Amino acid sequence: MRALCWEGAGALAVRQVPDPELRNAHDMIVRVRRSATSGGDLPLLAGRVPEATVGEVLGHEFLGEVVEIGPEVRRHRIADRVVVGAAVACGACWFCRTGLLDCCDNGTSGVTAEPPWVQPAAGCYGRPARLGGFAGGHAEFVRVPYADVGAYAVPEQVDDDRAVFASAAAPAGWQGAELGGVVPGDVVAVWGAGAVGQLTAGAAVARGADRVIVVDEHDDRLRMVARHTGAEALNHRYVDVLAELRERSGGRGPDVCVDAAGPPAGPTRWPAVEPDGGVALREAVHACRKGGTVVTLGGGTAFVDRFPLGAVTDKGLAVRGGRRRGPAAIPELLDRMARDELVTEHLATHRLPLERGADGYALFRDRVDGCVRVVFTP
Amino acid sequence: MARTGWLAGSAVALAAVGARALVRRWPPRAGTDPWPGRWQVVTVAKRPEQVLPGGRWPEPLSRLDGAVEVRARAAPGGRGTELAVRPLGGEPTLPGPAAHLVGDEPGRYLRQVLRETKQLVETGEVLRADRSPLDRPEPAG
């Protein structure tokens with residue numbers, strides 16, 4: 001089959017690779033119909049993941065059609081149209097049974113490199129095998145482990161271009177609002193107007209936030225925020241963000257601040273200019289009201305220098321983190337999509353055949369031509 | 001002594017471990033554990049009698065019989081069973097997989113065995129990796 005493979009720092013190519021095969025009884029094989037770029041791929045693309053091996057297949061957001069099922073798969077049939085969550089989770093461990101599928105104990109495989117904290121989280125598609133990852137969705141076919149847990153049938157009225165975002169971007173946005181504990185009447189600030197930031201803003205609106213403000217530097221993305229999410233837009237190149245947020249929240253500061261900025265754009269600015277990242281996170285901590293909640297959705301930053309811990313303790317902030325939302329929210333998100341309460345297809349600013357995968361990632365990485373997400377069709 | 005008693009496996013030992021001078025280093029470097037004989041522990045989301053039915057060790061842990069000691073006890077809060085393993089004392093010459101207990105990184109090896117044991121008990125199978133790019137033929141195209 002054809003697949004978009006990592007060829008070393010900054011290099012991608014579509015290659016011929018062996019078809020995936022059933023490796024466990026709970027597996028199924030999906031023929032991919034759509035796959036999307038994601039900011040979480042950029043550290044790998046840039047060569048900042050030492051465990052990566054040339055030839056890894058990228059992509060963790062995809063949708064497709066079931067073509068083969070293992071003997072223990074119960075919820076799916078051949079020809080089902082399914083969206084697959086980015087996190088690989090077993091559904092049986094204590095974390096999964098308590099709803100924390102992104103923390104699954106059994107979602108990685110093989111002899112994997114242990115993080116310093118020796119607690120591997122759920123597995124993920126398009127991540128290096130040495131980190132317990134699985135081949136990604138930018139391919140003609142994908143193996144889906146624990147298929148009954150991670151894959152969901154797509155309602156007939158939801159088309160592929162909308163449903164593909166139920167894989168990871170929409171769950172991540174939902175998680176941003178959920179971890180923040182957004183309730184009616186809240187003022188919510190979101191850093192980053194990419195797909196996850198926009199979907200976080202939309203989720204906050206859906207949860208009844210009184211005012212949602214999105215901070216970014218790209219006017220085209222901010223126009224999209226205003227048009228599609230019901231949130232207000234702030235361009236940090238033109239305004240003093242902290243002063244503006246205080247003014248728009250009655251001097252209190254936002255109740256919930258979500259860092260959905262991801263890594264900075266472009267091959268030259270990242271990682272050279274701000275090696276520690278964390279600009280948005282620091283600003284979120286400073287902006288948040290006393291006793292408020294700051295949520296960071298990661299975006300590939302492992303360590304942050306100059307973290308304003310004093311502000312966290314002085315203001316009594318709750319800081320919560322999440323990187324890869326488990327698939328538990330997908331059914332509700334698909335229902336919302338079916339009722340047109342969650343619209344996502346506008347996020348696919350570019351649609352390309354898989355053969356142009358390298359071009360698509362260049363557009364996405366450099367955030368040029370108004371690119372928010374590129375959706376590939378194998 | 002913990003409030004909850006440890007249950008006996010087939011080679012249980014509860015000998016007290018003598019105090020040792022430890023130099024703490026953070027982050028720890030692989031292979032530099034100053035206490036390679038420490039207990040490695042995993043929590044399995046099943047009751048102790050399901051993890052060690054009849055006192056028998058589950059696979060693949062049972063392959064290390066004679067090389068490690070095992071203990072288990074109910075985890076607090078109904079979280080299942082805390083399953084603990086450590087190498088037996090000394091530096092014996094061990095056959096097969098147990099040879100990993102000597103030399104390289106016994107703690108890491110035991111954690112891997114515990115993870116697979118846990119996966120097998122909880123899900124009924126050990127999750128296998130996709131074939132890595134290194135396993136594939138030379139890409140063409």
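Biologist: What share of the contacts in chain A joins residues at least 24 apart, among residues at least 6 apart in sequence?
Modeller: It is 73% of those contacts. This is a predicted model. A contact here needs C-beta atoms within 7 Å.

Biologist: What makes chain A agree with a compact globule?
Modeller: With 378 residues, a compact globule would have a radius of gyration near 21 Å. Chain A has 20 Å, so the value agrees. Its C-alpha atoms fill a box of roughly 60 × 40 × 40 Å along the principal axes.

Biologist: How many of the residues in chain A are buried?
Modeller: Buried residues make up 56% of the 378. Buried means 20 or more other C-beta atoms within 10 Å.

Biologist: Now chain B. Why is P58(B) called partly exposed?
Modeller: P58(B) has 19 C-beta neighbours inside 10 Å. P58(B) sits in the loop between helix 1 (48–51) and strand 3 (68–74) of chain B.

Biologist: Which residues does P58(B) touch, leaving out those up to four places away in sequence?
Modeller: V51(B), T117(B), L120(B) and V121(B).

Biologist: Why is helix 2 of chain B called largely enclosed?
Modeller: Of its 18 residues, 14 are buried, so the rest of the structure largely encloses helix 2.

Biologist: How do you know that the span of helix 2 of chain B is close to the one expected?
Modeller: Helix 2 (residues 106–123) reaches 25 Å from first C-alpha to last. At 1.5 Å a residue, 26 Å is expected. Just after helix 2, G124(B) takes a positive phi of about 90 degrees.

Definitions and conventions
Residues numbered from 1 in each chain as written. Chains lettered and ligands numbered in written order. Predicted model: local features only at pLDDT ≥ 70, side-chain atom pairs only at ≥ 80, totals over all residues. Rg over C-alpha atoms; globule rule 2.2 N^0.38 Å. Buried ≥ 20, exposed ≤ 12 C-beta atoms within 10 Å, placed from the backbone. Contact = placed C-beta atoms within 7 Å. Helix = DSSP H or I, 4+ residues; strand = E, 2+ residues; numbered from the N terminus. Expected span 1.5 Å × (residues − 1).
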